[in-house]
Amino acid sequence: MVEEVQKHSVHTLVFRSLKRTHDMFVADHAKPVSTDEESHKLKMAAKLRAEYSAVLHMPLLKEERDKVVQHLGSEYIQQSYAESSGKYPEYLITGTHPYPSGPGVALTADTQMQKMPTQSGVQSLALALPPSQARQDASRTAAGVADIHGHAGNAERSQPPLHSMALMEAGGTKSSALVSRKAPTMPKPQWHPPWKLYRVISGHLGWVRCIAVEPGNEWFVTGSADRTIKIWDLASGKLKLSLTGHISTVRGVAVSARSPYLFSCGEDKQVKCWDLEYNKVIRHYHGHLSAVYDLDLHPTIDVLVTCSRDSTARVWDIRTKANVHTLTGHTNTVATVKCQAAEPQIITGKNSFHDTTIRLWDLIAGKTRATLTNHKKSVRALILHPRQYTFASGSPDNIKQWKFPDGSFIQNLSGHNAIINTLAVNSDGVLVSGADNGTIHMWDWRTGYNFQRIHAAVQPGSLDSESGIFSCVFDHSESRLITAEADKTIKVYKEDDTATEESHPINWKPEILKRKRF
């Protein structure tokens, strides 16, 4: 009769396996390795020669010398000590080095030897020696990130920031002296005039989600949760045209500088191309499997890039409607995309707590060039600087600045403690961040100084919770800032022409501008 095999749960089997493994190795746990005598002697000899060679010739008392010779593991050093002790009398020892022979000066018994130095003489002699590697390592202090930025381009600093052990050349003799170093100072931010609200435009019946200004700077386009696209006169703020065709929220709009086309995308998975001469849709770009959250046009070639909740970004040929590339790699919703003519030509940001990365893409190969993982929370906004080879990303944890082409981290802009939906920057170095709670923060791009905070009142009849800002953009003259908001309005800001640096001084503190690396 065959015995029935007792069945155990997977949990029991795994536990037993772990226990057997533990029992197998528990005897050797934390057991020190036995010391090999010969290896130890070789190690100590090498250490003596590497770290103490500069002071091995220093004078020693006779009894101390005997101890050293007895304990040294190197036969070479023992022999040299024995030779030196037998060559000279007990209280006549060699100095630091024999005097060098000069023209017409011969080495004699008097010039080759020195008398036994005093204790103070020994100490001064030791101070006069160049610092050993061990001493330099002991005095080396890790530099802060602010210190690194303050001394960018200078030689590497191996001393504490406030004091440096500087070797002074004086009469051919090296001596070390404490030289106080000036504490690093943070750069003072550039003064920017404050911005003020001067126009509120109403007309949409739902949240205004996106804005784009046309290249001629005469009108701008908005897309809304009311499923319409509206075109407004930039100078007067009057409605010029309404376009209908989307069956869900319009999340992205872009106006082409190369052709009379307007592009839009929405939560209905559709990407449309509108001919502005006939005000109708002439092309659809089919392929996304879920809501399309953003789009951008390439500045120099006829290419459109869209990003979606289906975790992909897609590159489209505008004329043929062909899906040139499907950029895969993100693991959740791709919230924002930007294009530029230089490498990398496509940048995408992720809107997910599971994937908080920014990816820089090679447009030709259709593959990721670099992945930036510094953000801890979702990245909903990206903006490229109009003049510098840099960009910024917005997230609830921080606004971060990066350097192209490989995404080198520059600095953090901390203080906008909200969900940042949008970023905008102008050539003057004014960076704007708009958040879900209706706040706008103005930053100095170079230093990261937050010089102004704005929280405009919501439209009458709206709830206080409907004060979110979904998009903001500078017009092409960079004198106006347009925001799309949750209270169904479009707000226009401009610089205060009457403000001066005397009336609005920069109340900055250097510690605010410390740059932290995460």
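## The chain as a whole

In the protein chain, 47% of the contacts between residues at least 6 apart in sequence join residues at least 24 apart; a contact here means heavy atoms within 4.5 Å. This is a predicted model, in which local features need pLDDT of at least 70, side-chain atom pairs count only at pLDDT 80 or more, and totals for chains, interfaces and linings use all residues. Residues are numbered from 1 along each chain as its sequence is written, and side-chain values use heavy atoms, with hydrogens and water left out.

The protein chain has eight helices and 32 strands. Helices (H or I, at least four residues) and strands (E, at least two) are DSSP runs, numbered from the N terminus. Of the 518 residues in the protein chain, 42% are buried. Buried means under 20% relative accessible area, exposed means over 50%, and partly exposed lies in between (1.4 Å probe, protein chains only). The accessible surface of the protein chain comes to about 28900 Å², and 53% of that belongs to carbon and sulfur atoms. Such areas come from the Shrake-Rupley method with a 1.4 Å probe; for residues, only the protein chains shown count as cover.

Let's look at some strands together. Strands of a sheet pair through backbone hydrogen bonds, either parallel or antiparallel. In this report, two strands pair if DSSP finds at least two bridges between them.

E18 and strand E19 (residues 346-350) run antiparallel and are joined by five bridges, and cysteine 339 stands opposite isoleucine 346 in E19.

Another open sheet is formed by four strands in the order E26-E27-E28-E29, and the pairing is antiparallel. Here strand E26 (420-425) and strand E29 (450-455) are at the edges, each with a single partner strand, so one side of each has no neighbour in the sheet. The twist averages 20 degrees from one strand to the next. Strand E28 (residues 439-444) pairs with E29 in the antiparallel sense over five bridges, and threonine 439 has histidine 455 in E29 as its bridge partner.

## Strand E32 and its partners

Is strand E32 largely enclosed or left open? Five of the seven residues of strand E32 (residues 489-495) are buried, so the strand is largely enclosed by the rest of the structure. Strand E5 (residues 195-202) pairs with E32 in the antiparallel sense over seven bridges, with valine 200 opposite lysine 491 in E32.

Strand E31 (residues 480-485) also runs antiparallel to E32, joined by five bridges. Leucine 481 has tyrosine 493 in E32 as its bridge partner. E31 and E32 form a hairpin with three residues between them, and lysine 488 in the turn has a positive phi of about 75 degrees.

## Rings and charges

How many aromatic pairs does the structure hold? There are nine aromatic pairs. Rings of Phe, Tyr and Trp (its six-membered ring) pair if their centres lie within 6.5 Å; planes under 30 degrees apart count as stacked, over 60 as edge-to-face and the rest as tilted. Phenylalanine 391 and tryptophan 402 form a stacked pair, 6.3 Å centre to centre with 20 degrees between the planes. Phenylalanine 391 lies in strand E23 (residues 390-394) and tryptophan 402 in strand E24 (residues 399-403), so the pair ties together parts that are eleven residues apart in sequence. Phenylalanine 391 is buried, at a relative accessible area of 0%, and tryptophan 402 counts as buried at 1%. Tyr389, Phe391, Trp402, Phe404 and Phe409 form one aromatic cluster.

Charges meet rings here as well. A charge sits over a ring if NZ of Lys or CZ of Arg is within 6 Å of the ring centre and within 35 degrees of the ring normal. The charged end of arginine 251 sits over the ring of tyrosine 293, 4.1 Å from its centre. Likewise, the charged end of lysine 494 sits over the ring of tyrosine 198, 4.7 Å from its centre.

Note on methods
Axes are lines fitted to C-alpha atoms, for helices over the stretch in contact, and angles run from 0 to 180 degrees between N-to-C directions.
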